Structure formats: C-alpha cells, structure tokens
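I opened the notebook to go through this model in order, starting with the fold and then turning to the charged side chains.

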Amino acid sequence: MTDSFMHNHQSALDNQMEDNAIQDLQDAGIYPTPDNDDILERLYEEVTEEWLDNIRKNKLSYTKYDKPYIPVASDLDQDEVKAEVIKRFEELPEPGDYDEII
C-alpha cells in the first residue's frame, strides 16, 4: 500500500520539498527573488553618470541659447541610453550562475 501511495504522489512530495527549501533560502535572504526594476534603475543611473562623466572629462563644451551649458541626463539620447542599459542587463549572470564569475 505504501508503494502505490509513493508511486502516485512522489513527484508532488518532491516538488513540495523543493518549494520549502527555496522558501527557506528566500526567508534567510540567500535566494532572493530578483527585482528587475531596481536592477534596471541602477543600470540606468550608472550609464547616465558614466556618459555625463565622460562628457565632463573630455571637457566637451556645449552651448544653449549662446551660453555655456553643462549637459544633464535629459540631454542624452534616451534611446542610446536604453539600448546600453538593456545590453548590460542581458550581460548580467542569471541567479545561481555566480560561480562562473569567480
């Protein structure tokens, strides 16, 4: 009788044990659910700052209304920024692939 029960329900039991293990890791902060919005926002800020720093380092001069002007994030080509953010996002390792980085 036990054999037929295990035969019929083993995969469900295995799935439940796996779900419990993942939940324990999530509760401990070891296996967090990725929040892509936060990651994309961080990447957007990084790209924007890098590009603006590059403009400042190279002392590129800009004028607006015939006056010296320091570019801000909204002056960057947002399509190019978005493309760079997506490229960097896609290059990030998948959760669990961190041993490949080392």
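How many helices and strands does the secondary structure of the chain come to? I count 3 helices and 2 strands, taking helices (H or I, at least four residues) and strands (E, at least two) as DSSP runs numbered from the N terminus, and along the sequence they follow the pattern α-α-β-β-α.

I note that this is a predicted model, in which local features need pLDDT of at least 70 and side-chain atom pairs count only at pLDDT 80 or more, while totals for chains, interfaces and linings use all residues. Residues are numbered from 1 along each chain as its sequence is written, and side-chain values use heavy atoms, with hydrogens and water left out.

I looked up burial next: 11% of the 102 residues in the chain are buried, where buried means under 20% relative accessible area, exposed over 50%, and partly exposed in between (1.4 Å probe, protein chains only).

I then searched for salt bridges (a side-chain nitrogen of Lys or Arg within 4 Å of a carboxyl oxygen of Asp or Glu), and the count came to 3.

In helix α2 (residues 36–57), E46 and R42 lie 4 residues apart, about one turn of the helix, and their side chains meet at 2.9 Å, N to O.

R88 pairs with E50 at 2.6 Å, N to O, and this pair links distant parts of the chain, with R88 in helix α3 (residues 78–91) and E50 in helix α2, 38 residues apart. R88 also forms a salt bridge with E84 at 2.8 Å, N to O, and I record E50, E84 and R88 as linked in a network of salt bridges.
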